[in-house]
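Me: I have a model open and want to go through some of its packing. Can you take my questions as they come?

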Amino acid sequence: MSELNGKEISEILYNKVDAILVVDAEKDSYHTIKKQGLFENFLEPDGTYKKLIEKLWFHFNDGSANIASDYHVFIPMIGQFKGKYVDRIKLKVDEKVHLVQISIYPLDDEGEKYIFILDELDNSEYLKDFITDRKIDTIQSSFLFSMYVDLIKDISYSINVTEISSNPQNYDVKYSDWRNMIVNMIWPEDQNLFMERTDPEYLKKNLAPGRTTSFDCQMKNLKGVFIWVRLIFSRTETTNDDDFRFVFMVQDIHENSIKLFDTLKKYEDLASKDTLTLIYNHGRIETEIVNSIDYFNTKKKPVSYMMIDIDYFKKVNDKFGHSVGDIVLKQFVDELKSFLSTYNIVLGRWGGEEFVAVCYDVDLEKSQKIAAELKQKIAGTDFEKAGKLTCSIGLTQLKSDDDSKIVFDRVDKAMYEAKQSGRDCIVVK
């Protein structure tokens, strides 16, 4: 074996490898010198370098699904290699996942021309890689992205996108450029926060050596779907106070965030809903009255109010007991909700058998018509054990100089007069 010369070794290596390409990044082109096996149909004889990078790296590492087109702005950066580089990627061809090793050798000092050598690894190497990935997934499954940042040099490097490869990418990018590119992947309402918290001066001022800061926002993942993530900055601890180097990571917190929001929603409902009828309680409908005034002043659209009282409800409790009274209250609310559902009306229980409806986009004339039809519907309903019931309704419309107390006092007075007028009627104030 020691008698082999350089030419013979070159021939052996040439025959052993699966594919050899010559790349010209500046001209965005590649030429295939050799291809066999897996790469026979995968590689074109000649093609664009951008398309080659897409095929090799811009898919998820467990299949052939492509990464969202928004992230393709990073292709020119990923295609620039400094020095020799080796990576292992997974390619899905003919419904089978193949483990491929890529070796890259620069042909010039400018980093524009390269030789790519591609080899499919055997099953034992695939198994080792699979086991390694499983270990990495177990430890870091929630971290989607990481990189090092040097603010003084304005550079980001050792960039690792875990959904593409478990290895850091062999390219760097100006941190300022990265911020301006990645902000487009942030949810529009979160973009100002992102730009503020990732600003170099903000990080220098607010993060001491060894300290970490984070904030949550929505960000588009590689599939093009917005998910909740935690963006984490950790400043490296050195003896030099003017050394502003950071580790930046993106953590997937979407599932936990959704669970948290669901829990908060449940607590919000408990705090704002009446436990018996499940409509808004006194405090929440009181807030709705205040909100409706803001709506009126902002939208310049009419708002009116109803106060509804079940007539002689005390007799229901006295005759049938409070358990039947509760059933009647729930049925009464169901009738109200069913009738009012076609309107932009928010309903709440003021207390006892009294209810308040905030009627958006409804003027006094329209509210009178709605109230009349509602009163007729209630009068025609059979309530469990209690039989027929009626209701009294007070009405008013919001005026430009009203506050919440004035408008409520007016609708309350209208309802009181309806009760005093013999019940089963409507009074307008």
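Reply: Start with helix H6 (residues 175-182), which lies across strands S7 (143-150), S8, S9, S10 and S11 (245-252), at about 145 degrees to S7. Contact here means heavy atoms within 4.5 Å. Axes are lines fitted to C-alpha atoms, for helices over the stretch in contact, and angles run from 0 to 180 degrees between N-to-C directions. Helices (H or I, at least four residues) and strands (E, at least two) are DSSP runs, numbered from the N terminus.

Me: What should I know about the model and the numbering?

Reply: The model is predicted: local features need pLDDT of at least 70, side-chain atom pairs count only at pLDDT 80 or more, and totals for chains, interfaces and linings use all residues. Residues are numbered from 1 along each chain as its sequence is written, and side-chain values use heavy atoms, with hydrogens and water left out.

Me: Which strands does H9 lie across?

Reply: Helix H9 (residues 254-272) lies across S10 and S11, and runs at about 115 degrees to S10.

Me: What is the strand order in that open sheet of 5 strands?

Reply: The order is S8-S7-S11-S10-S9, and the pairing is antiparallel. Two strands pair if DSSP finds at least two bridges between them.

Me: Which strands stand at the edges?

Reply: S8 (155-161) and S9 (212-220) do; each has a single partner strand, so one side of each lacks a neighbour in the sheet. On average, neighbouring strands in this sheet are turned by 20 degrees against each other, direction ignored.

Me: How many bridges join S9 to S10?

Reply: There are 9 bridges between S9 and S10 (residues 226-235), and the two strands run antiparallel. Cys217 stands opposite Val229 in S10.

Me: And the loop between S9 and S10, is Asn221 there buried or exposed?

Reply: Asn221 lies in that loop and is buried, with a relative accessible area of 15%. Buried means under 20% relative accessible area, exposed over 50%, and partly exposed in between (1.4 Å probe, protein chains only). Leaving aside residues up to four places away in sequence, Asn221 touches Ala68, Tyr71 and Ile227.

Me: Switching topic. How many residues of S14 are buried?

Reply: In S14 (residues 354-360), 6 of the 7 residues are buried, so the strand is largely enclosed by the rest of the structure.

Me: Which strands pair with it in the antiparallel sense?

Reply: S12 (residues 303-310) pairs with S14 over 7 bridges, and S13 (residues 345-351) pairs with S14 over 6 bridges. Tyr305 stands opposite Val358 in S14, while Gly348 stands opposite Val356. The hairpin of S13 and S14 has 2 residues between the strands, and Gly352 takes a positive phi near 55 degrees there.

Me: Now the helices. At what angle do H10 and H14 pack?

Reply: H10 (residues 282-299) and H14 (residues 404-420) pack at about 115 degrees, with their axes 10 Å apart. They are therefore roughly perpendicular to each other; angles under 35 degrees count as roughly parallel, over 145 as roughly antiparallel, 65 to 115 as roughly perpendicular and the rest as oblique.

Me: Which residues make the contact?

Reply: Ile289, Val290 and Ile293 from H10, and Ser404, Val407 and Phe408 from H14.

Me: One last residue. What does Val22 touch?

Reply: Val22, found in strand S1 (residues 19-24), touches Ser29, Tyr30, His31, Ile33, Leu107 and Tyr114, not counting residues up to four places away in sequence. Val22 counts as partly exposed, at 32% relative accessibility.
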